[in-house]
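Please open the model in your viewer and keep the selection tool at hand. The stops below are arranged so that each selection leads to the next.

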Amino acid sequence: MSKHTVRRHLSRYGQRGFTLIEIMVVIVILGILVAFAVPNIMDNPEEARLTKARHDLRTIENALEMYKLDNFRYPTSEQGLKALVEKPQSAPEPENWQSGGYLRELPSDPWGNPYQYLGPQDTDGRVEIVTLGADGRPGGNGPNSDISNRDKQSD
């Protein structure tokens, strides 16, 4: 076989694209996957919001723990969660505040409201982070219920 014949042979088979049938098979498979996935996602938007809230609470709580490890205390209630993004200027000022912060930005809860923060309580020294649910008010049931990092289900 000459070099010219080999090149022509490689160019004919080396640049082969997908056939119409192969593309249609992929589209059908994707359509079947979407047909099963979308109803599960669309039927449970409230469950997805609750899952996101619990995930956010864990993320914020972990950032607060890092803050405490660096500064030997949690931010005060007055300093709030903003202390995870910007260095607090009020007392007690953190001496070892991590450059760049502990979170890039403060997340909003799945309903667009800010998370509530209660600094360390005298009784147990733990902090509490809360979302007030869909209605944005304390208490409530179902999607309107409060979710806290102290709830068993958020652990």
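Select Asp109 first, together with Tyr115, Thr131, Leu132 and Gly133: apart from neighbours within four places in sequence, these are the residues in contact with Asp109, contact meaning heavy atoms within 4.5 Å. The model is a predicted one, in which local features need pLDDT of at least 70 and side-chain atom pairs count only at pLDDT 80 or more, while totals for chains, interfaces and linings use all residues. Residues are numbered from 1 along each chain as its sequence is written, and side-chain values use heavy atoms, with hydrogens and water left out.

Asp109 is located in the loop between helix H3 (45-71) and strand E1 (116-118). Helices (H or I, at least four residues) and strands (E, at least two) are DSSP runs, numbered from the N terminus. Is Asp109 buried or exposed? Asp109 is buried, yet has no salt bridge. Buried stands for under 20% relative accessible area, exposed for over 50%, and partly exposed for values in between (1.4 Å probe, protein chains only). A salt bridge requires a side-chain nitrogen of Lys or Arg within 4 Å of a carboxyl oxygen of Asp or Glu.

Which residue forms a salt bridge with Lys52? Select Asp56: the closest N and O atoms of this salt bridge are 2.5 Å apart. Asp56 and Lys52 are four residues apart in helix H3, and are therefore separated by about one helical turn. Asp56 is buried, at 8% relative accessible area, whereas Lys52 is partly exposed, at 35%.

Remain in helix H3 and select Arg49 and Glu46, which lie three residues apart, about one turn of the helix. These two form a salt bridge with closest N and O atoms 2.8 Å apart. Arg49 is partly exposed, at 31%, and so is Glu46, at 28%.

Next, select Glu86 and Lys82, a salt bridge whose closest N and O atoms are 3.7 Å apart. The whole structure holds four salt bridges.

Finally, select Tyr67, Trp97 and Tyr102, which form one aromatic cluster. Rings of Phe, Tyr and Trp (its six-membered ring) pair if their centres lie within 6.5 Å; planes under 30 degrees apart count as stacked, over 60 as edge-to-face and the rest as tilted. By this rule there are two aromatic pairs. One of them, Trp97 with Tyr102, is edge-to-face, at 6.1 Å centre to centre and 85° between the planes. Both Trp97 and Tyr102 are buried.

Methods: Lys and Arg count as positive and Asp and Glu as negative; His and the chain ends are not counted.
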